[in-house]
Structures are given as structure tokens and as C-alpha cells.
Amino acid sequence: MNEKTLKKKLDRLTVMVVIISIAILAGGSIASYFLRTMLEDALAGQMQSETEQYEININRQLDADIQTLNTLASFLSFGTMDTESFMRGLVVSREYNDFDRMGYFWKSGDGVTVTADSDIRMDVPFEVLDENVRDAVQKAWQGESAISRIYPASDGRENVFAYAVPVYAGEDVAGALVADVSTDVFAGVLEDRSVLGGQGYIHLISDTGKLLVRSEDRVVEEELDKIYDHDYISPEEQEKIQKAMKAGESCFSEFTYDNVTYQVYLDPIGVNGWYLFCVQTAQSVNGSIYRLMVNTRIITVVVLFILLIIIAYGYRMIYRSNRSLIRSAWYDPLTGAYNTARFVNEISGIVEKTREYSLAALNVRQFKFINEIFGSRQADMLLCHIKDVLDDRIRDGEYFCRSTDDMFYLFFRETDREALRKRVQDIMDDISRHAVSNNRNYQIMLYCGIVIGTDVEDVPPTVQKSMTHVRFALDTARQSMKKHIWFYDTSLHEYEKLENYVESHMHQALADREFRMFLQPKVSLETGKISGAEALVRWVPRTGQMIYPGQFIPMFENNGFCVELDLYMVEQVCARIRAWLDEGVRPVPLSVNQSKLLFYEADYIDKLKALLEEYRVPAPLITLEILEGLAMENVDALNEKIRCLREIGFRISMDDFGSGYSSLNTLANLKIDEIKFDRGFLLNLKDSAADYDRQIIIMKEIVELTKKLDISTVVEGVETAENEALIRSLGCELGQGYYYGRPVSEEEFSETYVK
Ligand code: C2E
Ligand code: MG
Ligand code: MG
């Protein structure tokens with residue numbers, strides 16, 4: 001997983017969580033909406049039925065009052081009573097029945113009235129009556145009981161209404177009995193605190209919205225004449241109410257006062273356009289449920305909010321920790337470049353599909369040296385500089401990584417050799433411009449191995465194979481001091497194949513005795529006779545061509561197999577000498593090459609002794625050839641080893657003398673029996689004519705020196721008679737080279753040289 005996929009996954013997760021949250025919220029809202037609607041419906045039903053109950057109560061009161069008047073009417077047969085008795089009857093009736101005023105009006109028009117303070121008026125003309133009362137009286141004269149509309153009384157009382165019932169004289173209506181009363185009589189009914197369980201209020205209003213009886217408990221505190229006086233009822237709701245009232249219908253409405261919404265039910269009483277205006281708060285009636293619902297909603301929102309915060313926090317945490325994990329898994333901590341895993345991950349898809357790519361490996365020459373001399377900080381800065389240069393030079397769709405130490409892999413979409421060479425050279429030039437430790441004198445040098453997709457052996461090519469090839473090319477570039485850029489090609493491919501073969505078959509080859517001893521004569525320059533031979537290993541596989549030591553010895557020196565092989569060669573040498581001895585011929589002293597690794601083996605000497613004993617071979621017949629490089633290290637320990645070996649009887653020869661740097665030191669410090677001048681000596685004498693005289697002088701002096709030190713001299717690579725003449729003139733003792741004979745199998749050697 002890389003950063004992009006992590007982000008995608010987290011985004012997907014977040015979207016899911018948000019969707020789920022929204023779904024929960026929506027679900028909760030829908031559920032609470034339905035619950036609310038159900039509650040409100042139930043509440044409306046409750047309001048309706050209660051209001052109707054109040055309506056019945058008011059009607060009952062009105063009916064009772066009419067009934068009372070009717071009863072009085074039947075007693076007051078005015079025609080049979082004298083005026084005085086009749087008036088007294090009226091006064092008593094008013095007092096007992098809580099009417100404000102009572103009166104009687106003859107059908108002819110005039111009447112009498114009795115007021116609350118027992119003021120009796122006679123001959124009151126019909127016309128002075130309020131027109132609403134007149135309407136009721138006229139209805140009574142028609143034989144109907146009637147209730148007048150509300151009117152303001154002349155004595156200052158407001159909201160007064162009157163009852164009028166017919167009074168009969170025999171079969172005919174003689175007049176009308178009238179009683180007026182304030183709407184306050186309903187106050188008792190409406191002040192009942194049990195409206196909606198004590199949570200509602202009922203007002204009596206007229207069909208114009210005028211408040212007739214306003215209960216003491218009320219929502220809107222202000223003094224109102226009409227229910228519309230205040231803008232607590234929205235215009236839409238007002239319109240709705242007015243429409244219903246006009247039609248004489250009941251209706252539900254609502255208003256908001258002090259931020260609280262109240263429900264309203266308007267119910268016509270059926271008398272004079274009067275309406276009961278019932279107010280209740282949904283919250284107050286079902287307060288606990290409402291509170292629960294609201295609380296639940298608040299809690300849900302809060303929980304969701306907290307959840308979202310946690311998710312956002314979690315997102316950040318996961319993103320950050322994963323990002324640092326990803327960074328450590330995919331990036332090189334020092335330079336911030338991709339690491340190998342990420343690099344392989346990026347390129348493997350491309351490599352498997354096409355050969356239109358090339359892979360390069362870039363290394364700094366002497367990086368270890370830079371580290372040691374200039375310090376790790378400077379070395380790190382150089383690596384970061386390389387990363388910066390690569391950032392600049394690597395194009396879109398191309399990649400690079402830092403693998404280990406100073407190893408950088410580069411992936412190009414380029415396949416043209418020359419274009420690649422140019423690009424890599426530009427990169428190297430850019431990097432070389434960096435100054436290590438402000439030391440402008442130190443020139444950074446780089447080397448690079450490149451493989452082009454088409455040269456990768458696998459079908460289809462793999463990253464692994466491409467990397468193996470490129471490392472091989474890099475290794476070749478490292479060994480070559482002249483060419484800094486090496487392309488992996490067929491010859492390298494053959495070499496790589498051989499190397500693979502060597503490494504994977506060496507143990508079996510040794511067991512199968514595929515390593516053979518070849519012998520090359522060493523000839524005395526004085527007598528021209530053979531005075532010894534060098535054992536040289538050849539790998540002769542059962543199938544295939546002979547493999548020369550140059551192709552496997554360096555590898556064996558690296559992997560340690562030299563130790564086994566060299567001992568095997570010593571054994572072959574012993575066996576050969578034993579065979580000659582057994583054949584009764586004079587054995588030729590043999591030289592055998594000993595690698596540095598073997599020389600340092602703890603039981604090296606014991607093993608050699610064991611071989612001498614096993615084959616019963618005199619040690620002086622064997623010369624051990626060691627390399628000059630050995631003397632570079634612990635000279636005392638080396639001298640001690642040499643001393644032990646010489647004590648046993650072995651002769652010690654210093655091989656490849658002159659190819660290293662410590663030649664004279666070697667002579668001075670090591671107690672050896674022989675030196676072998678490297679083939680390079682003769683080659684140099686041929687090549688550099690200008691130095692010829694100087695070289696001759698030096699060589700002559702060395703030979704002189706060896707004589708004084710009792711060290712014999714062998715010259716390798718004698719290929720011509722001129723070579724021989726030259727080394728003879730220098731005073732050398734022995735010659736070895738194709739001029740005398742190439743290395744041959746021991747059988748051939750025995751046949752040719754040993755008689
Ligand atoms: P070396 O010990 O210096 O062996 C001499 C090399 O020079 C041999 O190569 C030999 O064939 C070659 N040579 C001899 N005369 C001439 C000549 O006139 N002209 C030219 N051009 N070459 C000549 P070879 O056999 O290929 O061995 C190469 C090296 O491999 C040896 O160099 C030695 O260092 C190493 N080697 C060979 N056999 C063994 C072994 O058994 N053990 C170890 N450790 N190294 C071995
Ligand atoms: Mg040798
Ligand atoms: Mg040599």
C-alpha cells in the first residue's frame with residue numbers, strides 16, 4: 001500500500017461513515033417526525049374532545065338560563081297579575097337568577113325593566129333597547145326563545161348578551177321576558193383548570209375574533225381585544241382561522257409566542273357565532289415525551305458530532321501513523337528517495353509488459369574513502385546531493401531509488417545506447433560538481449552499469465533479472481578504471497553465465513575431480529634444463545570447455561572456496577611427486593599457488609604436514625607460491641608462518657613480484673627462497689622504450705640484491721628468445737613461459753619432461 005491508496009481507502013471509509021451518520025440522522029428525524037405527528041394527532045383529538053365538552057357545558061348553561069326564563073315566563077302571566085306584583089316578581093327572579101337586568105316587553109312595544117340595584121323602570125320604550133336585544137325580543141314575540149348577540153350595555157358593562165323568551169296569555173304571545181347577562185358568566189366554566197389536564201386554556205371569542213371571555217391563565221400576556229391584535233399568529237394562520245369562522249367550521253391552527261409553538265383549536269358553539277378558542281402547548285401536554293424526543297435528538301446530534309470529530313481525529317492519526325509507516329517501508333530515511341522495495345513495486349508492472357526500458361545502477365568510486373576521510377556527514381550530504389540531481393534529471397514515468405550505501409538504481413524509458421550514455425554522463429557530471437567538504441580538489445567519480453530491456457535474458461523480462469544484470473555491468477564498470485559506463489551485453493552475459501555456473505557447480509566439480517592440475521616448466525637459464533614446474537589449476541567440466549583460473553580464482557577468493565581448492569592442488573602435487581618416486585624417476589620440484597585465505601587458516605600448517613606424511617613426500621620438493629599482497633599486512637605473523645613452513649622444508653616463493661607496491665619491503669622483511677617476476681616486467685620492457693634503460697638498471701639491481709640475500713629469481717612470461725636473452729643478461733636464474741612450454745596436463749608433462 002502506498003500513500004495514494006491509503007488516502008483513497010481512508011477517504012472511502014470517511015465517506016461511508018458520513019453516509020451512515022446522515023442515514024442515522026435522517027432515520028432519527030423521520031422516526032421523530034412520525035412520532036411527533038402521532039403525538040400531535042393524539043393531542044388534537046384530545047383537544048377536540050375536551051373543547052366539545054366545554055361547548056356542551058356552555059350550551060348547558062345557556063339552556064339552563066333559557067329554561068329558567070321560560071319557567072319564570074309561565075309564572076308571570078302579566079295579564080292576570082297587577083303591575084306591582086309583577087314587578088316584585090321580576091325583582092325577585094333577577095336576584096335569584098344572577099341576571100344583570102330583567103325586563104318585560106309587551107308585544108305592543110313598551111316594557112318594564114329591573115336592574116341589579118333594584119331600579120324599576122316603567123314604560124321603557126322598545127326603541128331604547130340595543131338593537132341586538134330588540135332582535136331577540138322580536139324573536140320571542142314570534143314565540144321563539146332567543147339569545148342576542150353581544151353588545152355593550154348602556155350602563156357601561158361590556159360583552160353583554162340577552163335572553164328573550166315568549167310569555168303567553170292563553171294561546172297567544174303577550175310579550176317577551178328579557179334578561180341580560182355579561183359573558184363573564186362563562187368565566188366560571190372557562191376558568192376551569194382542568195382543561196387538557198391543566199395544560200390548556202380556553203377563551204370564548206366572537207366570530208370576528210373578539211375575545212369575549214379570556215381565561216385568567218393564558219399564553220399571550222398582553223391585553224388583547226381581538227385574537228388578531230398581536231402578530232403572534234402568522235398572517236397565513238390568521239387567514240386560515242378567518243376562513244373557517246366565516247364558514248362556521250371548526251379548525252386547527254398554531255401560533256408561536258416567546259419562541260414556543262402552541263396548538264390552537266377553534267370550535268363553534270352554535271350560538272351567535274361564538275367560538276371556543278382552545279390553546280395548548282404540545283410541549284406542555286406531552287412535555288416529558290417531547291423533552292425526551294428533543295433530548296434524544298440533541299444527544300443523537302451531539303453523539304454524531306463527537307463521532308465525526310473522533311473519525312476526523314482517527315483519520316488524521318491513521319493517516320499520519322500509516323504515512324510514517326509507509327514512509328519507512330517505502331522511502332530511504334536519509335535522502336527521502338524511494339527505497340528498493342518501492343522502486344521494484346513501481347517498475348515491475350512496466351518491466352513485465354514491455355522491453356522499452358533500461359535500468360542503471362550508479363555508484364560512487366571510493367565512497368568508503370569519502371566516508372572515512374571526510375566523515376559520514378559529508379558522505380550523507382553527497383548522497384542527498386545525488387538524490388537532488390536525480391530528482392532533476394529523472395523524467396515523468398521514470399524512477400530511481402537509493403538501495404544501500406552509495407548504490408542508486410535508475411529506471412529510464414530510454415533504450416537508445418547513445419542517448420542513455422549521454423543522460424547518465426550528464427547525471428555524473430552534475431553529481432561531480434558537488435564539493436565534498438568544500439574541498440574542491442577532491443574529484444567525485446562515479447561508475448555506472450546499464451542494461452537495456454531488450455538485453456534482459458528472461459522472457460518476459462523480470463525486475464530481478466534486470467537488477468542482477470545491471471549489478472554485473474556495474475561490477476565490470478567498477479573494475480575498469482577507464483570506462484565509467486558499462487552496458488550489459490552478450491559478452492557480459494556469457495561472463496555472467498559462467499560466473500553463475502562456477503558458483504553453483506564448484507563443490508560438485510571438486511568432488512567429481514573436474515579440477516585438474518596442469519604443469520608448466522621452469523627452466524634454468526644457466527643449463528637450459530628443466531629445474532622445476534608450476535602447478536596451475538584447470539577446470540575441465542565433463543561437458544563443455546576448459547575453464548581457466550582467471551575465470552574462477554578471483555571468485556573463489558571472494559567466496560572462500562580457494563582454501564579447499566588450494567589444498568586439493570597441494571595434494572595433487574604430493575600425489576604427482578609420489579607417483580614419480582614410485583615410478584623410480586627423479587621427481588621435478590613443483591611450485592603450487594597458495595591463496596591468502598589459505599595462508600591464514602589456523603590449521604594450515606598441520607594440514608600440509610598431514611599431506612606430506614600421507615604421500616611421504618620430502619618437503620623441499622615443494623615450493624609454495626604466495627602473493628606479494630600478503631606482505632602488506634602483518635609482516636611478523638607472515639614471517640612466523642614462513643619460518644614454520646621453511647622449517648618443515650618447504651620453499652617459499654613470492655609470486656607476481658613487482659606487480660604491487662611493496663617489492664623492496666618484501667625483500668627486506670620476508671625470509672623467502674625465491675621471487676617470481678611478474679609477467680608485467682617483460683611486457684613493460686617491451687612497451688616503454690623510453691624507460692628501457694632505467695628499467696634494466698632497476699631490475700639488474702634487484703637481481704643483484706636477491707643474489708646477496710640468497711634468493712633465487714624466476715621470470716614469468718618468457719615468450720621469445722629475446723626475452724630469454726634479456727633475462728639471462730640480467731643475471732636471472734630461471735625462466736617460465738610459453739617459450740619453454742605451456743602448462744600441460746601432468747601426464748603430458750611426465751611424458752615430455754620426466755624421464
Ligand atoms: P600465476 O601464479 O602468476 O601463474 C602464471 C600464469 O601465467 C598462468 O596463468 C600461466 O599459464 C601464465 N603464463 C605462463 N607463461 C606465460 C607466457 O609466456 N605468456 C602468457 N601470456 N602467460 C603465461 P593461469 O594458469 O591462467 O593462472 C593464472 C593465475 O591464476 C595464476 O597466476 C595464479 O595466480 C592463479 N592460479 C592458478 N592456479 C591456481 C591455484 O591452484 N590456486 C590459486 N590460489 N591460484 C591459482
Ligand atoms: Mg604462480
Ligand atoms: Mg605469477
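1. The structure, which is a predicted model in which local features need pLDDT of at least 70, side-chain atom pairs count only at pLDDT 80 or more, and totals for chains, interfaces and linings use all residues, holds 32 salt bridges, a salt bridge being a side-chain nitrogen of Lys or Arg within 4 Å of a carboxyl oxygen of Asp or Glu. Residues are numbered from 1 along each chain as its sequence is written, ligands are numbered from 1 in the order in which they are written, and side-chain values use heavy atoms, with hydrogens and water left out.

2. Arg-393 forms a salt bridge with Asp-426, where the closest N and O atoms are 3.9 Å apart. Asp-426 lies in helix 11 (residues 417-432) and Arg-393 in helix 10 (residues 376-393), so this pair ties together parts that are 33 residues apart in sequence; helices here are DSSP runs of H or I with at least four residues, and strands are runs of E with at least two, numbered from the N terminus.

3. Arg-393 also meets Asp-430 in a salt bridge of 2.9 Å, N to O. Asp-430 counts as buried at 16% relative accessibility, whereas Arg-393 is partly exposed at 32% (buried means under 20% relative accessible area, exposed over 50%, partly exposed in between, with a 1.4 Å probe and protein chains only).
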